[in-house]
Amino acid sequence: MLMTLKLAWRNIWRNKRRSAVILTAIVVGLFGMVFMIAIMKGMSVDMLKTSIENGVGHVQIHEKGFNDNMNVSLNIRDPKYVINFVEDTPSVTAYAERIKARGLVSSPKSSTGVEIWGIDHVAEPDVSAVKNYLVEGDFLTGKKGEIYVGRSLAEKLKVEKGDKIVLMGQGLATEIGAGAFRISGIFESTSKEFDKYNIYINITDAQELLSMPGRVSEIVVVTESLDHVEPVTASLKEDLEVGGLEVLPWMEVIPLMYQMISLWDAFNYIVYILVIVAMAFGIVNTILMSVLERTREIGILMAIGTKPGKVFSMVMWEGFFLGLTGLVAGWVFTMLVFAVISRTGINISIWADSLKYMGGISPIIYPVLHWNNIFGSSASVFFAAVFSAVYPAVKIMRLNPVEAFRSV
Amino acid sequence: MMNNKTIIETKNLEKVYDDSKVAVHALRGVNLEVHEGEFMALSGPSGSGKTTLLNIIGALDHPTSGTVRVAGEDLSGFTKSELSRLRLDRIGFIFQAYNLIPVLTARENVEYVMLLQGVDEKERIERAEAILEDVGLKDYINTRPNEMSGGQQQRVAVARAIVSNPDVVLADEPTANLDSATSSSLLEMMREMNETHNATFVFSTHDRLVMEYARRLVKLRDGQVEDDIDKDA
Amino acid sequence: MARRQYRVFTLAWRNIWRNTRRTIITMTAVVFAVFLAIFSWCFALGEHEQMIRDTLKIHTGHIQVHKNGYWDDRTIFNSFTPSDELLEFVNTDERVEAWAQRLNVDALISTSVDQGGNSGGIMLVGVEPGKERSFTSLPDKVYRGDYLSDDDPSGIFIGETLSRNLEVTVGESVIVMTQDLYGALSAAEYTVVGIFKSNSTEMDRGMAFITLDAMRYLLSIDEKVSEVSILVTDSREVKKATRDLKETVDLEQVEVMPWQELMPDLVQFIEFDNAFGYLFFVIILLVVIFGILNTILMAVMERYREFGVMMALGTRPNEIIRLILMESALIALLGIIIGDMVGFGVGYYFTIHPWDLSQYSDVMWSFGIDPKIYARMYPWVFYVTDLIILASTLLAAVYPSVKASRLKPVEALRYI
C-alpha cells in the first residue's frame, strides 16, 4: 500500500512541466469556483444585512394579519404584555416599539405617498441602522413635531432641514389625521427608493396623528445572531400566538429575499458541475497520456507479478495526488487573492443604478467564504481528479503484459 | 553442476498469433526441459520464436496447444491471477530495457517484488541491500535509474530478479543495449549468481557473448528446436 | 508555395487521427466550451430581451417625450402640450407601433371608515383607454373586472396589491386626494372597475389609472400631459427613431428619452448580469484551455523524434510551427462545428420550449423576469464564440509548437 502511494506520488512529478500545466488548470478552476460563489454570497449577505438593518430586524411581532395588510386597526393593544415576554426570551439583544402606517407627505411644491414610521428614538438605533444614515441635521430627539426624512424625498418635495411639511394618514378614528412636522434631519441610505419612501417621526407623535394612544403597530426584535432567529421565534410564538398575535421571523417578512438567497445557492451547484467537467477533460488526457507513455514499464510490473488491481489502484492514487496538490496550490493562491480583496472589496459602482434591484446593497462587495463553498469547491476538485483517473486506470489495468512488450 | 530436477518442461508447444491478416506460427511443436542450476541460452534469428517461447515458459502467455510445466505444475488450467502469483514467487525476469521503475531507487526497485510477496520491512531492506552488494552496487543503493549507466541498471534488474529466490530467471536479450565490456562483466556477475545462489538462468539472445557464457545452447529456427548443445555433457 | 501549404493541411489532418482517442477527448473539451457559451449566451439574451420588452410594454414604452426637466422633477408643474410636429411624428412614422399620452401625479388613495379605512400613497396616472389598449399589456393582465373605458370617467383601475391593502374589490369606491396645479387639495371618488396583476410590485402596489379626462378635471388642468410614450415595432430601431424624433421637436421645450435613459437601472442590471456571465465563461475557458495546452504539449513531445527526422530531411522550423498550429486548429474547428450544431439544436429547442423556473416565480418577477425563459439565437453569438475559442486554442498551441521548432535535429533524434 505504501509502495503504491509512493509510486503514485512520484509518478506525478516525473514530468514537471506537464504536471505544472495541469495543476494550473486546477488552480484556476478552484479559484474560479470559490471566487464566483464567494462574490455571490457576499452580495446576498449584504442584501440581507441591508434589509434587516433597514427595518426588517430579525423578528417582528404584530397583531395577527398586519403583515399582509398594514391597517392601523390591526395594532397591539397592550405592548407591555408583549415586551415582558420579549425581555424574558434568551438571546434577544434588543427590541423596539413602532407604529407603521401608510400616508401622504406634502410640501408646498409637491406631495407623495410614504410609509410612516413612528419610532422610539432611544430604542430604534439598537434595532436598525436608520440613525447611522444621517447626513444632515439631527436624528429624532423626542421633541414633539420632529420628522426625519431621506435625501431623495427632500429633493422631491423641494424642502430642506428645518422646513415644515404636512403628514397625512388614515388613523383609527373616522377622519384622516394630519399634522405639520419640522424636518430635524436628513438621511441617505444606499437606496434612493428607500430614502424616498420612508419617513420617521416620534412614536408618540404617530400615536397622536393616527388616534391610537398607547398602541403600537409592531415590536421588532433583534437576536444575537441569524442562527438564533429560529429558536427565538419559536419561543415567542409559544408565548404570544395564543393572544392573537403573529410572530414573524425575517424569512416570512421578506420571503422574496429568502427565495432569492436559495436561488443563488442553487446556482452554486451549477458552478461546481461545470467546472468539474471543464477540468475533467484536461485531467483525463493528462493522466491517460502519462499512463500510456509507461506501457512497457507497466507491462514489466505486471510481468514480475504485480496484480492488475494494484496497477489500477496506483493510477487512481495518481489522480488523487494530482487533485490534492492542485487543491493545496489552489487554496494558497485563492487565499492570497482573498487576503487582498477582502480588504479592498470589489467595486461595482459602474452598475450603481441597478443596485436598487438588489435591495440597495453597497457598491463595494466583499466576498464571503462560507464552509459550504470551501467544502463544495474542494470536493469538486477531488472528484474531478479522481473521476478523471478512472478511465486511464481501467484501460491500463486491462493491459496484457505480452502486448505491452510488443507495443512500439 | 547438473541436477536432475526439472524446473521447466514443455511438450509439443505450439503458438499461433492471429491478430493481423496473416496467421503467424511462432512455435511449431517445441519440446524442452530446463534443469535446476542451468545457465542456458535460447538463440536463433528474428522470428525463430525465442521470445515467444520465453513468454510462455514465463507464464506470460498461453500456448495454442501443448503443455508447459513449471516447477512440476501444469500451467494450462491456471487463471490470470494464479499465473501472476506464479510469476511473482517462482520466476524472475530481466528484460532488454525498461526493467526498472524510474521513480524508485535501486533498493526500492529490488524491494518491490518482496513487497508484493508480503515480506516484512526489516527483512526486505536487509535482503535488498545484501543482494545489491552482491552485484557490486553497494554505493548505488539509493540512486535512481536515470543516474546510473545502462550496465548498472541491468545489474539492479538482476538483483531484483534473484532476490526472491525464484526457481528460474528468464532474461530476454539483457545485453542488447550494452557495449561488450559491460556485457562481459554483467554476464560474469550472472554466472556468479548462478554458481553461488544456484539460480537457473534461461537467456533469449542474439549476442555471441551470451552464447559463449552459456553452458547449454538451444538453437531455434522457424518455431522448432534445431539444435541442443550441452557444453557440460 | 501553395503545394507546400496543401501538404501541411493533409499532413496535419492525418496526424490528428493517429491518436484518435486523444483527439476525440480534446475535441469534446472544445465542444463543451462552445456549447456552454452558446447555450448560456442565448438564454441570457432571451431573458434580457424578454425582460426589456415585458417591462417596457407594461407602461413605459421605448421612447418618452416630456417637458424639459420633467424627468428630474416629476410634478404636474412640468407638464406640457404635445406640439403638432410631435403628434404628426407619432401618428405617421412607420416605426411607431403605438403611442399614448398620460398625466401623472402623486396622490393619496383611501377608503371610507366603514370600508375599513385604509389608505396608501400612489402614483395616479391619467390615460386614454382606447390608445392604451394597443400600447400597454395591462389590459391583458386584468385580474378582476375590466380595464378602463373612454366613456367612464368615474372608473379607476388599480393593482392587486393595492386592492388588497385597501380591502376593496370591483364595484366599490375609493377616494383619491392630491394637490392640484394651484396647490389646493383636490379630491374625488372613483369606482373600481378592474384590478390588474402585473407582477411588478411597484405597479401593483403603487399605481392606479383613471381616464385622462377625469385626471384633467381633478387637477384643473387643460390639454396638458406629463408624458408621451412611444412603442416601436422593432427594438433595434430605438436609437434611430430617437434621433429622428429629436430633430422633429423643439429641444428647448421638450426632452426625448429612449428607454435606456428612462430605466438606467434596467440597463445596468442587464450589464451586471452579463458581467457575471462573462466572468464565469472566462474561468471555464481558462480551465479548458490549460487542459488543451497540456494535451498539445504532451502530444508534441511524444513526436520529438519525428520532428527531428522531418527537420533532418529539410523541413524548416516555421513549417513545424505551422504544422502543429494547423493540427490544433483542425481539432478546434472540428470541435467548434460540432459544438455549434449541438448549440444550435438545443438552443433552437429552447427558443420554442422555455426553461421553466416557476418554483422561483416570485423572486424572478420581482426582478421583472418571466420565470419561463426562452432562448434567443443570433448568428453573431456563434461567430464570436467560435472566434474566441479558435483564437484561444491557437494561443495554447503557440508554446508547444515554438518549443518543437527550436529542436536541433541531432537532439531530437535521440528521443526514442
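User: Let's start with E173(B). Which loop does E173(B) lie in?
Analyst: E173(B) is in the loop between β7 and α6 (180-196) of chain B. Keep in mind that this is a predicted model.

User: What is the phi of E173(B)?
Analyst: Phi of E173(B) is near 50°, which is a positive value in a residue other than glycine. Most residues other than glycine have a negative phi.

User: And how exposed does E173(B) count as, and why?
Analyst: E173(B) counts as partly exposed because it has 19 C-beta neighbours inside 10 Å. The cut-off for buried is 20 or more.

User: Next one, N165(B). Where does N165(B) lie?
Analyst: N165(B) is in the loop between α5 (150-163) and β7 (168-172) of chain B. N165(B) is not a glycine, yet it has a positive phi of about 50°.

User: Does N165(B) count as buried or exposed?
Analyst: N165(B) counts as exposed, because it has 12 C-beta neighbours inside 10 Å.

User: How many of the residues of α5(B) are buried?
Analyst: 11 of the 14 residues of α5(B) are buried, so this helix is largely enclosed by the rest of the structure. Among the buried ones are V156(B), V158(B), I162(B) and V163(B), but also R155(B) and R160(B).

User: What covers the buried residues of α5(B)?
Analyst: The cover includes β6 (91-94), α3 (106-117), α4 (121-134), β7 and α6 of chain B.

User: Switching to strands. What is the strand order in the open sheet of four strands in chain B?
Analyst: The order is β2-β1-β4-β5 in chain B, and the pairing is antiparallel. β2 (24-35) and β5 (73-74) of chain B are the edge strands, each pairing on one side only.

User: How many bridges join β1 to β4 in chain B?
Analyst: Five bridges join β1 (residues 6-17) to β4 (residues 65-70) of chain B, and these two strands run antiparallel. As one example, T10(B) has V68(B) in β4(B) as its bridge partner.

User: Which helix lies across β1, β2 and β4 of chain B?
Analyst: That's helix α1 (residues 50-57) of chain B, which runs at about 125° to β1(B).

User: What about β9(B)? In which sense does β9(B) pair with β3 of chain B, parallel or antiparallel?
Analyst: β3 (residues 39-43) and β9 (residues 216-221) of chain B pair in the parallel sense over four bridges. M40(B) has R216(B) in β9(B) as its bridge partner. β9(B) is also joined by six bridges to β10 (residues 224-230) of chain B, and there the strands run antiparallel. K219(B) stands opposite D227(B) in β10(B).

User: What do β9(B) and β10(B) form?
Analyst: They form a hairpin with two residues between them, and D222(B) in the turn has a positive phi of about 50°.

User: On to the chains. Which chains have the most contacts between them?
Analyst: Among the two pairs of chains that touch, chains A and C have the most contacts. That contact takes 48 residues from chain A and 52 residues from chain C. α10(A) gives the most to chain A's side, with 15 residues. The chain A side divides into 24 nonpolar, 19 polar and five charged residues.

User: How many residues do chain B and chain A put into their contact?
Analyst: Chain B gives 17 residues and chain A gives 15 residues. On the chain B side, α3(B) gives the most, with four residues. That side divides into 12 nonpolar, three polar and two charged residues.

User: And how far apart are the nearest C-alpha atoms of chain B and chain C?
Analyst: They are 12 Å apart, and the two chains do not touch.

User: Last one: what domains does the assignment give for chain C?
Analyst: It gives domain 1 (2-55 + 267-414) and domain 2 (69-250). The contact between them takes four residues from domain 1 of chain C and four residues from domain 2 of chain C. Their centres, taken over C-alpha atoms, are separated by 51 Å.

Note on methods:
Residues numbered from 1 in each chain as written. Chains lettered and ligands numbered in written order. Predicted model: local features only at pLDDT ≥ 70, side-chain atom pairs only at ≥ 80, totals over all residues. Pairing = 2+ DSSP bridges. Contact = placed C-beta atoms within 7 Å. Axes fitted to C-alpha atoms, helices over the stretch in contact; angles between N-to-C directions. Domains from an automatic or database assignment. Nonpolar A, V, L, I, M, F, W, Y, C, P; charged D, E, K, R; others polar.
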